[in-house]
Amino acid sequence: MDLRGSGMFLAIILIVETCFVVANGNFVFQVERRKTRLGLREARARDDRRRGRILSAVDLNLGGNSKPTETGLYFTKLGLGSPAKDYYVQVDTGSDILWVNCVDCARCPKKSDIGIDLTLFDPKESKTSALVPCDHEFCSSTYDGPIPGCKPDIPCPYSITYGDGSATSGYYVQDYLTFNRVSGNLNTAPQNSTVFFGCGNVQSGTLGSSSDEALDGIIGFGQANTSVLSQLAASGKVKKIFSHCLDNAKGGGIFAIGEVVEPKVKTTPLVPRMAHYNVNLKDIEVGSDILQLPTDIFDSGSGKGTVIDSGTTLAYLPSMVYDQLITKVLAGQPDLKLYLVEQQFTCFEYTGDVDDGFPVIKFHFEDSLSLTVYPHEYLFLFKGDIWCIGWQKGVSQSKNGRDMTLLGDLVLSNKLIVYDLENMAIGWVDYNCSSSIKVKDEKTGAVYTVGAHNLSSASTLLIGRILTFFLLLIVVLNSLTN
């Protein structure tokens, strides 16, 4: 069933425990996470690659395990084409299109250590697939006008070069994107909608290598009109709102597209005309002390400001901010002997309760919204009784050489983060990310509670140990029409 013309509410819920299933809703597709041990140097290197991609306004990964000593890769399984075939794509809040590797791809990965079979999309094997010509309205709007030299038989191209040197290119196709519609409590039925997505035929860098992170592609949740979210919103199928909540204690969380009714979330404005989710940070409070900083240090102009990025593991602060913050964090423990681990992490031995021995840190944003970060969140246990500080001194990332403030998963865990693009706002609230939320059916006014349940441990994605499973749930109107 094609969902075009049916006014619907769409919510995607990602609720995670070690293994579980989402109970209620209208659409479901499964999201997995791959966890591997990661050295501290590798954690910083991974963030450096991600921040490089931020500069290119392309690849901002959707969270992972917030512990710097581990890494989590979040991905979902979705169906493409007719008949639908399964593809595993990374869930990404920073990029703006859905793309998958295609059958004519050069240097595409052939295998993945995640435990999945990689599949190349073949437009000729789908009964509903259509190439998007370069003179198509979608192509013209994507490139803000006609493509020079365009002829009707030339496909609409896409090309993305990331800050770390990786690149993907190919052409756009139009086909069915298939979900599992939840038709009742614990019941689902397949449902589809036509979308434009990239068919990748050339990959390079990390995208072109077979590795423990290799996938079939990426689904982007960025702000551009090319994202699946924007396409569905433009057709009246969804509200342009999504949320996520990552559980630092148990691993997992919630990912939702659509209005969240409970819990209530207070918001702050998003900075307009920015490629990523930038906000206006006003000041930082450590314990009961406000850091004494220049008034323009968090200025959002010229590519500066504060970026909310659940895909970055750590949190990065301008040098002046970092120096003052660390001094105040350690002020109550003058006898600590500090160690520099891997030449970049400040660590120390501590046997007490870190929440009793170190101060709470609060970030204050425009419209009186605060983000509270507790010691057990910004400190992480390295080994034994050795604790390390997750705050990192940033490097110049803005166009004028000023430091960028980048708040990653280290400070975003255990909070429900809501991205309200309808009203250009973002907000959060402390939350139990392994519990449940309530979402609203915009047409009927009905409110759905989505809870967590256990999955069978019989899965082909168990690699030597039980992996954490995620469910990505999409809630739409019950009154779907052809």
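Predicted model: local features only at pLDDT ≥ 70, side-chain atom pairs only at ≥ 80, totals over all residues.
Four strands form an open sheet in the order E18-E17-E23-E24, and their pairing is antiparallel. Its edges are strand E18 (289-290) and strand E24 (369-373), each of which pairs on one side only. Between E23 (residues 361-365) and E24 the antiparallel pairing runs over five bridges, and histidine 364 stands opposite serine 370 of E24. Helix H4 (residues 319-330) lies across E17 (281-286), E18 and E23, and runs at about 25° to E17.

Elsewhere, strand E13 (residues 253-257) contains alanine 256. This alanine 256 has a relative accessible area of 0% and is therefore buried. Its C-alpha atom is separated by 4.7 Å from that of serine 243, 13 residues apart along the chain.

The structure holds 16 aromatic pairs. In one of them, phenylalanine 138 and tyrosine 172, the ring centres are 5.1 Å apart and the planes stand at 80°, so the pair is edge-to-face. The two residues are 34 residues apart, with phenylalanine 138 in helix H2 (residues 137-142) and tyrosine 172 in strand E9 (residues 167-184), so that the pair links distant parts of the chain. Phenylalanine 138 is buried at 9% relative accessibility, and tyrosine 172 is buried at 3%.

Tyrosine 277 and tyrosine 419 are also edge-to-face, because their planes are at 65°, with ring centres 4.8 Å apart. Tyrosine 277 lies in the loop between strand E15 (266-269) and strand E16 (278-279), and tyrosine 419 in strand E29 (residues 415-420), 142 residues apart. Both tyrosine 277 and tyrosine 419 are buried. Ring pairs also link Phe138, Tyr158, Tyr172 and Phe196 into a cluster.

Terms used. Residues numbered from 1 in each chain as written. Heavy atoms only, no water. Pairing = 2+ DSSP bridges. Contact = heavy atoms within 4.5 Å. Axes fitted to C-alpha atoms, helices over the stretch in contact; angles between N-to-C directions. Buried < 20%, exposed > 50% of the residue type's maximum accessible area, 1.4 Å probe, protein only. Phe/Tyr/Trp six-rings, centres within 6.5 Å; stacked < 30°, edge-to-face > 60°.
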